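Here is a short report for a first look at a structure. Keep the sequence at hand while reading.

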Amino acid sequence: MKKCIALLITLGLVSITALGCSPVALDTAGAVASADATSPPQAPESVAAVVTAESPNFVLLISDEPNDIGDFSELWVTISGVGFVIGDEEGIIEQRFEPVDVNLVGLTGEAAVAIWAGYVPEGDYTKVFLYVDEVWGLPLDAEGEEEAFEVKLPSNKLQIDLPVEVEGEEPTDFVFDISIHRAGNSGQYILKPQMSESGQGAEYRIEQQAQERTLAGKPEWAGKPHESGKPASAGKPEVAGTGNIMEPPDDAGNPEDAGKPSDGGKREEKGRPDWAGTQGGKTED
């Protein structure tokens with residue numbers, strides 16, 4: 001009897017163990033499938049919008065601090081260069097590149113796009129600044145693209161005081177976080193760097209969709225109209241309604257006798273007239 005009970009217990013434990021292995025096997029399979037679906041992210045230097053070196057040692061990434069970005073359905077920033085201040089204002093290293101258009105909407109938090117990968121001389125830098133060509137926004141409540149407007153950036157630069165150390169073989173990743181602020185009730189907006197979310201070693205993740213859109217470029221409305229600026233004829237008189245340049249007449253200018261009497265300002269005979277020097281019409285005998 002005892003042998004039967006022991007046998008039953010043994011069989012029961014084997015059954016329980018076998019049953020317990022099934023979900024573990026499923027979990028493991030699920031984990032493998034998940035690992036296959038989530039492939040390692042590409043290195044930022046390999047997906048950067050512009051690459052200017054065969055072996056980049058620096059990658060510039062752009063992100064956005066929320067603030068007033070919620071006022072826009074799209075906010076495009078055109079960046080054409082980056083600069084680094086060496087040590088204690090000892091000099092500046094500048095790297096210009098083909099303009100890159102970045103839509104800041106959708107880049108809040110750790111979301112970022114890699115815009116430039118290139119070479120920066122090894123050393124210690126104390127400031128980083130961006131060259132910004134244009135900033136165009138489309139309000140969230142806009143009824144059409146014609147309501148897009150330009151956000152002015154007087155200096156065409158955004159500067160941030162943060163130390164950067166470039167050394168070694170591994171590329172240095174630097175996140176430059178940009179935020180947009182309403183200027184009171186004026187209806188104007190100001191673009192500013194956000195120091196707390198920027199820097200070397202700042203947390204980020206490449207936002208794939210935003211990266212692809214960055215590569216595609218900005219829409220047509222996010223830029224100056226092609227006919228903007230002074231026309232070729234600016235500053236020249238025109239014949240009203242014809243668009244023809246009005247040329248000055250051949251005889252334009254002062255005539256030869258301008259300001260002179262008909263006799264050229266001279267009397268034919270000099271000296272006093274006959275009547276000068278007589279008194280009361282009296283003549284000499």
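Why does Asn156 count as partly exposed? Because its relative accessibility is 35%, and partly exposed lies between buried (under 20% relative accessible area) and exposed (over 50%), with a 1.4 Å probe and protein chains only.

This is a predicted model, where local features need pLDDT of at least 70, side-chain atom pairs count only at pLDDT 80 or more, and totals for chains, interfaces and linings use all residues. Residues are numbered from 1 along each chain as its sequence is written, and side-chain values use heavy atoms, without hydrogens and water.

Most residues other than glycine have a negative phi. Asn67 has a positive one, and so does Asn156. Strands here are DSSP runs (E, at least two residues), numbered from the N terminus.

**A hairpin**

Strands β10 (residues 172-182) and β11 (residues 189-193) pair in the antiparallel sense over five bridges. Pairing requires at least two DSSP bridges between the strands. Ile180 has Leu191 in β11 as its bridge partner. Six residues separate β10 and β11 in this hairpin. In the turn, Gly184 has a positive phi of about 60°.

**An exposed glutamate**

Glu146 sits in the loop between β6 (123-139) and β7 (149-150). Glu146 counts as exposed because its relative accessibility is 66%.

Definitions and conventions. Helix = DSSP H or I, 4+ residues; strand = E, 2+ residues; numbered from the N terminus.
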